[in-house]
Amino acid sequence: ETLPPPNILWISTEDISPYLASYGDSTIQTPNLDRLANEGVLFENCFATTGQCAPSRHSIITGMHSTATSGSNMRTGGRQFPDSIRCFPFYLNDAGYYCTNNFKTDYNFSEPEHASLWDELSKSAHWKNRPAGSPFFAVFNRHETHESHINQDKPLGVESGAVTIPPYYPDTEKVRRDLARNYTNILELDSIVGDYLAEIEQAGLLDSTIIVFWSDHGGPLPRQKREIHESGTRVPMLVRLPNQQFAGTRIRNMVSLLDIGPTMLSLAGLPTPGNMHGKAF
C-alpha cells in the first residue's frame, strides 16, 4: 500500500537563539516547544548561513548559499533569477502540494516571484483552504520575538533578576531588562505555537503532518543578530514526525538552514535539484 504524502507545517520565528528549556535553558518554561522536542527530533547544532534575515531566508528558499547568487547583502531586491533556478516550494507544488505562506517572504529577489511561489500568500493563508485531498506545505511566520519587540512597554513574564547574563554583556539594569523582554517574547511565541498544534490536532492531522520549528538566525540583541558568531547563527530547530517517529531524539551533527528545502523535498519523496547546495538531513 502506498502511503499518501505527508503534510508539512512550518512554524518559523525571528531572531531567537536556543534560549529554550529543551536546549538546557531553564529561565522560562515553554511547554508547547517542549512538546515538539519530546515528541520529535531536536537538532542541537543547527546554524543559519548568516546572522541577518533576508540573506538567511534567501538561502532557505533557494537551497543555495546567498554568496553564490549575489543575495548576501541585506535587501538586494529587484534581482531576477535565471529560469534554471527554482525555489524548493515549486517542486512541492508540482507534486500536488497546496503551498501557503502566512505571511513573510523577504527573500532578496524581486517581488512578483514571491507570489508565484505560493498558492496563497497573505495574512489569511492557511492549510485549511486547500482543495480536498491535497497535501499541504503551510508556512506560518511569527514576529513576536523580532528585534523590534525588545522595546515594548508591556509587563515582563520573567523577573530581570532571574536571567543569566551572557559573558559578552555587562551586568546592568538595561541589559537585564532587555534579556527579560526577550524571554517574555519567547513565552508569547510558545503560546502561539500551542495554538497551531491544537489546530492540527483538532483537525485529526497530527499524525499525517511533519511539523518544523525554526528561527531565521540568532537572537535580537547585540553580538547576536547581524553577527556571524555562534550567538548570531546558532538557532533552535525542532521536527515532529508523524506518529512521533524518533521521539526524543537529539541530533548533535551540524546542520544548516540551507538544508531545510532539500530535506522537505526528501520527506515528500522528491530528489534534491542539482543546483542546490543544501543536503537532505
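A: Helix α1 lies across β2, β6 and β7, and runs at about 65° to β7, where axes are lines fitted to C-alpha atoms, for helices over the stretch in contact, and angles run from 0 to 180 degrees between N-to-C directions. Helices (H or I, at least four residues) and strands (E, at least two) are DSSP runs, numbered from the N terminus. The model is predicted, so local features need pLDDT of at least 70 and side-chain atom pairs count only at pLDDT 80 or more, while totals for chains, interfaces and linings use all residues. Residues are numbered from 1 along each chain as its sequence is written, and side-chain values use heavy atoms, with hydrogens and water left out.

Helix α1 covers residues 31-39, and in it Leu33, Asp34, Leu36, Ala37 and Glu39 are buried; buried means under 20% relative accessible area, exposed over 50%, and partly exposed in between, with a 1.4 Å probe and protein chains only. An α-helix has 3.6 residues a turn, so residues three or four places apart point the same way. The buried residues of α1 pack against β2 (41-47), α5 (173-202), β6 (209-215) and β7 (234-240), with contact taken as heavy atoms within 4.5 Å.

Two strands pair if DSSP finds at least two bridges between them. Strand β2 is joined to β7 by 5 bridges, the two running antiparallel, and Leu42 stands opposite Leu238 in β7. Strand β2 is also joined to β8 (residues 249-256), by 6 bridges and in the parallel sense, and here Cys46 has Val255 in β8 as its bridge partner.

Cys46 is buried, with a relative accessible area of 0%, and its sulfur is 17 Å from the closest cysteine sulfur, that of Cys53, which is too far for a bond. Cys53 is buried as well, with a relative accessible area of 4%, and the sulfur of Cys53 is 17 Å from its closest cysteine sulfur, in Cys87, again too far for a bond. With a disulfide defined as a pair of cysteine sulfur atoms within 2.5 Å, the count comes to 0 disulfides.

These strands belong to an open sheet of 8 strands, in the order β4-β3-β5-β1-β6-β7-β2-β8, with mixed pairing. Its edge strands are β4 (120-121) and β8, each of which pairs on one side only.

Elsewhere in this sheet, β5 is mostly covered, with 6 of its 6 residues buried. In a regular strand the side chains alternate between the two faces of the sheet. Strand β3 (residues 98-102) and β5 (residues 136-141) pair in the parallel sense over 5 bridges; in β5, the partner of Thr100 is Ala138 and that of Asn101 is Val139. Strand β1 (residues 7-13) also pairs with β5 in the parallel sense, over 5 bridges, and Ile8 stands opposite Phe137.
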